[in-house]
Amino acid sequence: MEQTVKIVVDGKTFRLPMITGSEGERVIDISGLRKETGLVTLDPGFANTASCQSRITFVDGERGILRYRGIPVEQLAKHSTFVETAYLLINGELPTQKQLNRFSVLLNDHSLVHEDMQAFFQNFPRSAHPMGILSSMVNALRAFYPEIPERSEEEEIDITVTRLLSKVRTMAAMSYKIFRGHKVVYPRHDLTYAANFLNMMFDSPVRPYDIDEDLVKALNVFWILHADHEQNCSTAAVRVVGSAKVNLYAAISAGICALWGPLHGGANQAVVEMVSQIHKNGGDMAPLIARAKDKNDPFRLMGFGHRVYKTYDPRARVMKKVCDSVLCKLTGHDPLLDIAKGLEEVALKDPYFIDHHLYPNVDFYSGILLRAIGIPLNMFTVLFAIGRLPGWISQWRESIDDPGWKIDRPRQVYIGPGERDYVPIKKRGRQTRRKDEKN
Ligand code: CMC
């Protein structure tokens with residue numbers, strides 16, 4: 001029997017249909033609300049709004065569950081590689097060996113970046129943040145790789161997807177080398193995706209880079225854990241921008257910009273800065289905890305809290321373990337990891353954090369892991385962006401393939417001034433200004 005909810009407006013009853021997701025989530029379908037009742041809904045931050053139906057990623061924030069195409073992220077982190085997980089997200093199924101080999105060869109074939117793009121990289125100021133550079137360069141890819149009319153739409157999408165996945169890591173490493181004033185290292189056909197990236201970042205004519213398979217595995221896990229997270233801020237940005245039917249490069253570039261923010265992907269950098277500050281001040285965490293709890297202070301404990309998870313973020317649990325094993329192998333221990341663990345312990349016992357359901361999120365330990373791998377601080381969010389790319393691509397693809405596709409265009413509740421006359425500039429006195437301020 002079809003389930004409905006009843007709403008009563010001005011004494012008149014309306015019935016709205018309900019939808020049940022494959023994991024049992026019950027949703028009120030309000031798509032016909034305005035047509036039937038003349039009403040719209042108000043939901044700041046979209047905290048109660050499902051913007052789409054999706055088959056890609058399932059998150060249960062109360063139970064701490066994250067699955068890509070049904071497979072728990074913990075299993076993927078243990079057994080899969082980033083390339084295989086990207087294939088799963090984009091195509092819906094794990095690849096056969098033959099499909100995986102072909103995908104890897106394609107990623108290899110597309111890994112070079114047009115030589116003329118180097119001129120762009122060279123001209124960014126040295127102080128430019130790599131996220132700004134990456135979003136500009138991803139957008140610029142369309143100019144260097146224009147659409148070819150002879151290709152079918154499907155072929156064009158496939159090639160664009162492969163190019164993006166492959167070139168993004170080359171461009172990220174290139175921007176780092178150029179920022180340091182060093183020679184760009186080209187991708188190698190004999191290296192896997194993650195090993196290639198590390199080699200492009202760290203190999204140098206005076207110090208060849210020794211690839212450590214444990215670090216390659218750690219980077220794969222880092223990217224797998226970031227590969228998708230359903231309708232987060234950057235993915236929503238990709239879908240919204242993509243809904244205007246722009247090219248995929250432009251939509252991904254918008255996602256990169258959204259991810260840059262410290263409340264989103266920028267938090268991994270902010271956590272390391274925060275923990276380093278505590279270390280510099282002799283390890284006393286109490287002042288920052290007090291600030292995080294102070295309603296009059298905008299400071300937040302970075303790497304804590306999540307819009308969806310009201311329990312421990314499953315990605316943070318895996319990340320903490322990887323951090324432990326990598327740091328144990330490399331240095332024995334890291335004072336920043338000790339401080340982070342101490343902060344977690346204090347926060348998880350504090351009534352403020354308990355009452356607000358604030359637990360470590362994916363960013364809490366990820367920066368410490370990246371630091372151990374040797375990634376510089378200002379590249380942390382770029383690493384997140386490389387990892388999130390398969391998610392953005394699969395979500396974009398799902399939205400453009402949706403037979404019920406619509407351009408995204410939210411409504412609003414207007415609370416500005418009512419109609420008033422234009423006042424010529426000479427007549428605009430103090431009185432008019434005061435009136436404006438009141439409005
Ligand atoms: N430290 C202290 N208080 C916090 C924190 C925090 N990290 N996070 C939320 N709160 C409090 C907040 O002050 C508010 O308190 P009250 O109800 O008393 O006014 C309450 O918890 C709810 O906060 P909110 O801002 O309404 O929650 P939200 O769902 O809109 O925000 C968040 C989610 C992730 C933006 C937020 O928790 C935050 O700013 N965390 C720190 C930044 C961070 O770690 N971001 C990474 C997120 S995970 C990866 C990603 O998405 O990229």
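An oxygen atom of the ligand lies 2.8 Å from an N or O atom in the side chain of lysine 295, a polar contact in the sense of a pair of N or O atoms within 3.5 Å (within protein, one must be able to donate a hydrogen and the other to accept it, and residues adjacent in sequence count only if both atoms are side-chain atoms). The model is predicted: local features need pLDDT of at least 70 and side-chain atom pairs count only at pLDDT 80 or more, while totals for chains, interfaces and linings use all residues. Residues are numbered from 1 along each chain as its sequence is written, and side-chain values use heavy atoms, with hydrogens and water left out.

**Ligand surroundings**

- Arginine 307 also has a side-chain N or O atom 2.8 Å from an oxygen atom of the ligand.
- A nitrogen atom of the ligand lies 2.9 Å from a polar side-chain atom of tyrosine 352.
- The ligand taken alone exposes 940 Å², of which the protein buries 75%; these areas come from the Shrake-Rupley method with a 1.4 Å probe.
- The ligand is surrounded by 21 residues, the closest being His264, Lys295, Leu301, Gly303 and His356; a residue is counted if one of its heavy atoms lies within 4 Å.
- This shell comprises 10 nonpolar, seven polar and four charged residues, where Ala, Val, Leu, Ile, Met, Phe, Trp, Tyr, Cys and Pro count as nonpolar, Asp, Glu, Lys and Arg as charged, and the others, Gly among them, as polar.

- Buried means under 20% relative accessible area, exposed over 50%, and partly exposed in between (1.4 Å probe, protein chains only).
- Strands (E, at least two residues) and helices (H or I, at least four) are DSSP runs, numbered from the N terminus.
- S4 runs antiparallel to strand S5 (residues 65-68), and four bridges join them; two strands pair if DSSP finds at least two bridges between them.
- Threonine 57 has tyrosine 68 in S5 as its bridge partner.
- Four residues separate the strands of this hairpin, in which glycine 64 takes a positive phi near 70°.

**Cysteines**

- The count of disulfides is zero, a disulfide being a pair of cysteine sulfur atoms within 2.5 Å.
- For cysteine 52, which is in no disulfide, the nearest cysteine sulfur is that of cysteine 233, 15 Å away.
- Cysteine 52 counts as partly exposed because its relative accessibility is 27%.

**Serine 366**

- Helix H17 (residues 362-373) contains serine 366.
- Serine 366 is buried, its relative accessible area being 0%.
- A polar side-chain atom of serine 366 lies 3.4 Å from the backbone oxygen of valine 362.
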